[in-house]
Amino acid sequence: MIADREHFVIELAEDQPVNDIFADGRDLYLEIGSGKGEFISQYPISHPQWNFIGMEMSEKRIRVCLNKLSVEKNPNVRLLREKADAGIAKFFLPESLCGVFIQHPDPWPKRRHHRRRLFQQDFLTALAGIMKPGAQVQISTDHADYAAWIVAEFFKSPHYLCLQDDPIQGHGNLDEHVVTWFEREQRQLGYPPNFMLYKRI
Ligand SMILES: C[S@@+](CC[C@H](N)C(=O)[O-])C[C@H]1O[C@@H](n2cnc3c(N)ncnc32)[C@H](O)[C@@H]1O
């Protein structure tokens, strides 16, 4: 049964920050590109002391996420149907996010499409502005070329520190990693994820 859409999908008034949605003031975490909802429906269950926003631009995917969410099991989850880009700061209060999760962002493999990739300097700067100092960004991608691109973009940005000896790790050493639909698919095709971990300075 599709969970209560009005409960989960945020409708913001003009200039209202997403932070207002939870009245309890708990630490706020963001997932970008929730896809079919594995992470946003599972991870928050083991972190009931935190609140989570799943940001997903596709209406179809939002509906799939809703199928996995339950008002009873996921009281600390809401969904935001928006595209994350350099304008992301308009949705959140400055320095308010305690952590960000991005699993398998669209790689846009063709060179002429690289400008569509999420990880660009203007996005990283805007994201840093809404993250608390010390907050972490966890990223995974099966796409080796995009992993190298992501590392290069973070390296150029003055706002982040790489937290791994090797910036691209081929094994999931990240706490309580949730295997998503896309990760499972790509593993079966022989493309395991590359993991990256950064801290907002
Ligand atoms: C390759 S899928 C991965 C989904 C999920 N994270 C997983 O690992 O299975 C990428 C997802 O991110 C969404 N997406 C892509 N770009 C986005 C953006 N800029 N903002 C929000 N969602 C985005 C897509 O609609 C899609 O659901």
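Let me begin with D15, which counts as exposed because it has 6 C-beta neighbours inside 10 Å; the word exposed here stands for 12 or fewer other C-beta atoms within 10 Å of a residue's own, buried for 20 or more, and partly exposed for anything in between, with C-beta atoms placed from the backbone. What I am showing is a predicted model, in which local features need pLDDT of at least 70 and side-chain atom pairs count only at pLDDT 80 or more, while totals for chains, interfaces and linings use all residues. Residues are numbered from 1 along each chain as its sequence is written.

D15 is found in the loop between helix 1 (5-8) and strand 1, where helices (H or I, at least four residues) and strands (E, at least two) are DSSP runs numbered from the N terminus. Although D15 is not a glycine, its phi is positive, at about 65°. H104 also has a positive phi without being a glycine, with a value near 55°, and H104 lies in the loop between strand 4 and helix 4. Is H104 buried or exposed? With 20 C-beta neighbours inside 10 Å, H104 counts as buried.

Seven strands form an open sheet in the order 3-2-1-4-5-7-6, and the pairing is mixed; two strands are taken to pair if DSSP finds at least two bridges between them. Strand 3 (77-80) and strand 6 (160-162) are the edge strands, each of them pairing on one side only. From one strand to the next the twist averages 20°, where axes are lines fitted to C-alpha atoms, for helices over the stretch in contact, and angles run from 0 to 180 degrees between N-to-C directions. As a reminder, strands of a sheet pair through backbone hydrogen bonds, either parallel or antiparallel.

Moving along that order, strand 2 (residues 51-55) runs parallel to strand 3 and is joined to it by four bridges, and F52 has V77 in strand 3 as its bridge partner. Strand 1 (residues 28-32) and strand 4 also run parallel, again with four bridges between them, and here Y29 is partnered by G99 in strand 4.

Why is strand 4 (residues 97-103) described as largely enclosed by the rest of the structure? The reason is that six of its seven residues are buried. On the strand 5 side, strand 4 pairs with strand 5 (residues 131-141) in the parallel sense over six bridges: V100 stands opposite V137, and I102 stands opposite I139. Strand 4, helix 4 (residues 121-130) and strand 5 together make a right-handed β-α-β unit, right-handed in the sense that, with the strands pointing away from the viewer, the path from the first strand over the helix to the second runs clockwise.

R187 is found in helix 6 and is partly exposed, with 13 other C-beta atoms within 10 Å. R187 and N74 are 113 residues apart in sequence and 28 Å apart in space, C-alpha to C-alpha.
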